[in-house]
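Reader: I have not looked at this one before. Can you walk me through it?
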Amino acid sequence: MDRTTSTTIVIAVILLALVGMVIGWRGRQKRQAHLPRPDAVPADTGAELFSADAFYVATTLADDELNRVAVSGLGFRARATVTVTAAGVILSLAGTPEVFIARAALRTIDRATYTIDRVVEKGGLVRLAWALGATPVDSYLRLTDPADATALIDAVNPLFPTPAPLEGDAT
């Protein structure tokens, strides 16, 4: 086989792979068309409680770390700034509109070790669980300064509503 033929075959295989990736991504977006766009940042978010630089890793369907959400800029890794305010959490992802996660949509925040296409040291990611419309999702962040991970978790925890005592519970 001469050089021209082998080069043509390699280019054809690369093009087929790229076309397959585009078709796969569009299929994922079509399957997730029922998901709403994330909320825009409201005019009044209240006092800023915390802000830090981070790497946005991914947003996945809840408890399915390998099923990436592909809507409204949440589908790609990006540099980010995460800001916690009295009204909720703001994700400022490079190249996309800001995402606002209202306090009512927050479910939990904790540490994670892996998600789709990213494995780090134990507890190296922060997993922010929230609801995108009626669909529970998990967003993963890797903070630039590891000490900020604990500060982020501490800033978000007071935003969760305290459960009402059940009838008959001792106070």
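**Arg-68 and the cores**

Author: This is a predicted model. Setting aside neighbours within four places in sequence, Arg-68 is in contact with Trp-25, Arg-28, Gln-32, Val-57, Ala-58, Thr-59, Thr-60, Gly-75, Ile-116 and Asp-117.

Reader: Where is the place of Arg-68?

Author: Arg-68 sits in the loop between β1 (48-61) and β2 (78-85).

Reader: And does Arg-68 count as buried or exposed?

Author: Arg-68 counts as buried, because its relative accessibility is 9% and the cut-off for buried is under 20%.

Reader: What lies 3.2 Å from a polar atom of its side chain?

Author: For Arg-68, that is the backbone oxygen of Gly-75.

Reader: Different topic. How many residues has the largest nonpolar core?

Author: It has 34 residues, and those with the most contacts inside it are Ile-101, Leu-106, Trp-130, Leu-152 and Val-156. The largest share of this core comes from α2, with 5 residues.

Reader: What does Ile-101 touch?

Author: Not counting residues up to four places away in sequence, Ile-101 touches Ala-87, Gly-88, Val-89, Leu-91, Leu-106, Leu-128 and Trp-130. Another core, of 7 residues, lies apart from the largest one; Val-57, Ala-58, Ile-116 and Leu-125 are among its members.

Reader: Which residue in β4 is the bridge partner of Val-89?

Author: Ile-101 is that partner. Strands β3 (residues 88-93) and β4 (residues 99-102) pair in the antiparallel sense, over 4 bridges.

Reader: What do β3 and β4 form?

Author: They form a hairpin, with 5 residues between the strands. In the turn, Gly-95 has a positive phi of about 85°.

Notes. Residues are numbered from 1 along each chain as its sequence is written. This is a predicted model: local features need pLDDT of at least 70, side-chain atom pairs count only at pLDDT 80 or more; totals for chains, interfaces and linings use all residues. Side-chain values use heavy atoms; hydrogens and water are left out. Two strands pair if DSSP finds at least two bridges between them. Helices (H or I, at least four residues) and strands (E, at least two) are DSSP runs, numbered from the N terminus. Buried means under 20% relative accessible area, exposed over 50%, partly exposed in between (1.4 Å probe, protein chains only). A polar contact is a pair of N or O atoms within 3.5 Å; within protein, one must be able to donate a hydrogen and the other to accept it, and residues adjacent in sequence count only if both atoms are side-chain atoms. Contact means heavy atoms within 4.5 Å. A nonpolar core is a set of buried Ala, Val, Leu, Ile, Met, Phe, Trp, Tyr and Cys residues joined through side-chain atoms within 4.5 Å.
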